[in-house]
Amino acid sequence: MAVQSRDEDLQPVRLYKFEGTDVWQEDDEHARLRGYFPLSPGTPQASEVSGEDLMLVCIELEPGNYLPTHRDSNEELLHVTAGTVEATVGNATTELSAGEIALVPVEVPHSIRNVGDETARILGIFPSDELTATFEKPMEPFGTAVITIGPDADAE
């Protein structure tokens with residue numbers, strides 16, 4: 001089996017320069033984030049750097065804001081690239097700063113809160129190109145608590 005090189009397609013991608021989506025819960029002014037997702041095969045401007053079975057979700061949280069508690073259909077690796085956050089995974093809570101990571105097992109409730117004084121940036125790395133996140137309350141602008149993202153999400 002020949003190994004295909006992607007070196008000729010190597011291009012830098014500025015993760016937080018895509019058009020992001022503001023996401024929030026209606027009844028909580030701090031349940032608010034900006035999401036850049038998914039970066040997976042087929043994403044405009046990013047398909048050259050995406051794995052076939054991998055998804056990258058980029059999140060920005062302003063100071064005091066948080067990503068509400070939810071469960072994901074896949075294991076997730078959280079990587080803080082800027083700022084300081086408090087990550088709660090199951091019953092455990094820890095502070096993570098730029099360069100630190102935490103593992104979130106499949107379907108374990110988790111949340112992320114910006115506890116610093118600058119915008120926090122977090123990468124969520126998933127071992128699949130499709131993801132279903134289930135929140136406790138509906139998330140806007142989606143109008144639902146169950147959000148599926150990935151290449152086949154529109155087919156549902």
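## Second largest pocket

The second largest pocket has a volume of about 150 Å³. A pocket here is an open set of points on a 1 Å grid over the protein atoms alone, where a 1.4 Å probe fits, with protein on both sides within 12 Å along at least five of seven lines. Volume is the space filled by probe spheres set on the points, which are joined across faces, edges and corners. This is a predicted model: local features need pLDDT of at least 70, side-chain atom pairs count only at pLDDT 80 or more, and totals for chains, interfaces and linings use all residues. Residues are numbered from 1 along each chain as its sequence is written, and side-chain values use heavy atoms, with hydrogens and water left out.

Lining residues have an atom within 4 Å of a point. Among them are Gln25, Tyr66, Arg113 and Lys137. Strands E4 (66–72), E6 (84–89), E9 (110–114) and E11 (131–139) each supply at least two lining residues. E4 gives the most, with four. By class, the lining has four nonpolar, four polar and four charged residues. Nonpolar covers Ala, Val, Leu, Ile, Met, Phe, Trp, Tyr, Cys and Pro; charged covers Asp, Glu, Lys and Arg; the others, Gly among them, are polar.

## Fold

The protein has zero helices and 12 strands. Helices (H or I, at least four residues) and strands (E, at least two) are DSSP runs, numbered from the N terminus. Of contacts (heavy atoms within 4.5 Å) between residues at least 6 apart in sequence, 67% join residues at least 24 apart.

Buried residues (under 20% relative accessible area, 1.4 Å probe, protein chains only) make up 39% of the 156 residues. A nonpolar core joins buried Ala, Val, Leu, Ile, Met, Phe, Trp, Tyr and Cys residues through side-chain atoms within 4.5 Å. The largest has 26 residues; Leu33, Leu61, Val85, Ile112, Ile122 and Phe135 touch the most other members. Elements giving two or more residues to this core include E3 (55–61), E6, E10 (120–126) and E11.

Ile112 also lines the second largest pocket. Beyond four places in sequence, Ile112 contacts residues including Leu61, Tyr66, Val85 and Ile122.

## Glu75

Glu75 lies in the loop between E4 and E5. Setting aside residues up to four places away in sequence, Glu75 touches Leu103, Val104, Pro105, Val106, Ile125, Phe126 and Pro127. Val108 is 33 residues from Glu75 in sequence and 8.8 Å away, C-alpha to C-alpha.

Notes. Buried means under 20% relative accessible area, exposed over 50%, partly exposed in between (1.4 Å probe, protein chains only).
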